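Open the model in your viewer and keep the selection tool at hand. Each stop below says what to pick and what is there.

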Amino acid sequence: MISKTDRRICGTCEYWTGERKPIFDRNGIPKINIIDDYGVCNHATSVFVDEQRRKNLNCKNFSKWTEIL
C-alpha cells in the first residue's frame, strides 16, 4: 500500500512496528510504501500499546514517522 505522508494512520506513525519505506512517486512527491498489513503499537501512552494494529487504522496518539521526508 502506497500512502500520502500526511495521513494519520498506524502505517505512518512513529510507534508502529510494521515494515515500511519512504519513497517518491514519479512526480517526485514523497510517499510511504507500507509493506506489512499489521504491526505492533509501541506508544507507551496509547490504549493500543503492545497490540497488533492494522496499517490503515487511526489513533488519537498518532505521531508522524520521522523518516518520512
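Select lysine 31 first. Lysine 31 is buried but forms no salt bridge. Buried means under 20% relative accessible area, exposed means over 50%, and partly exposed lies in between (1.4 Å probe, protein chains only). A salt bridge needs a side-chain nitrogen of Lys or Arg within 4 Å of a carboxyl oxygen of Asp or Glu. For charge, Lys and Arg count as positive, Asp and Glu as negative, and His and the chain ends are not counted. The nearest side chain of opposite charge to lysine 31 is aspartate 25, 4.0 Å away.

A word on the source: this is a predicted model, where local features need pLDDT of at least 70, side-chain atom pairs count only at pLDDT 80 or more, and totals for chains, interfaces and linings use all residues. Numbering starts from 1 along each chain as its sequence is written, and side-chain values use heavy atoms, with hydrogens and water left out.

Stay on lysine 31. This residue sits in strand 3, residues 30-34. Strands (E, at least two residues) and helices (H or I, at least four) are DSSP runs, numbered from the N terminus. Now show the contacts, meaning heavy atoms within 4.5 Å. Leaving out residues up to four places away in sequence, lysine 31 touches Ile2, Ser3, Lys4, Thr5, Lys21, Pro22, Ile23 and Asp25.

**The salt bridges**

How many salt bridges does the structure hold? The count is two.

Select glutamate 19 and lysine 21. They form a salt bridge, with the closest N and O atoms 3.9 Å apart. Glutamate 19 is partly exposed, at 36% relative accessibility. Lysine 21 is partly exposed as well, at 43%.

Move to lysine 55 and aspartate 37. Their side chains meet in a salt bridge at 2.8 Å, N to O. This pair links distant parts of the chain, 18 residues apart. Lysine 55 lies in the segment after strand 5 (52-54), and aspartate 37 in the loop between strand 3 and strand 4 (38-40). Lysine 55 is buried, with a relative accessible area of 9%. Aspartate 37 is partly exposed, at 37%.

**The core and the cysteines**

Select Ile9, Cys10, Cys13, Trp16, Ile32, Ile34, Phe62, Trp65 and Ile68. These nine residues are the largest nonpolar core. Such a core is a set of buried Ala, Val, Leu, Ile, Met, Phe, Trp, Tyr and Cys residues joined through side-chain atoms within 4.5 Å.

Center on isoleucine 9. Not counting residues up to four places away in sequence, its contacts are Met1, Ser3, Ile34, Lys55, Asn56, Leu57, Asn58 and Phe62.

Next, cysteine 13. It counts as buried, at 10% relative accessibility. A disulfide is a pair of cysteine sulfur atoms within 2.5 Å. Cysteine 59 is in no disulfide either; its nearest cysteine sulfur, that of cysteine 41, is 5.8 Å away. By this rule the count of disulfides is zero.

Pick glycine 18, in the loop between strand 1 (2-4) and strand 2 (20-24). Glycine 18 is buried, at 9% relative accessibility. Beyond four places in sequence, it touches Asp36, Tyr38 and Gly39.

Jump to aspartate 50, in the loop between strand 4 and strand 5. Check its backbone: phi is positive, about 65°, although aspartate 50 is not a glycine. Most residues other than glycine have a negative phi. Aspartate 50 is exposed, at 63%.

Then take asparagine 58, in the segment after strand 5. Asparagine 58 is exposed, at 55%. Beyond four places in sequence, asparagine 58 touches Arg8, Ile9 and Arg53.

**Zoom out**

Color by secondary structure. The protein chain has zero helices and five strands, in the pattern β-β-β-β-β along the sequence. Its C-alpha atoms fill a box of roughly 40 × 20 × 15 Å along the principal axes. Buried residues make up 32% of the 69 residues. Of contacts between residues at least 6 apart in sequence, 45% join residues at least 24 apart.
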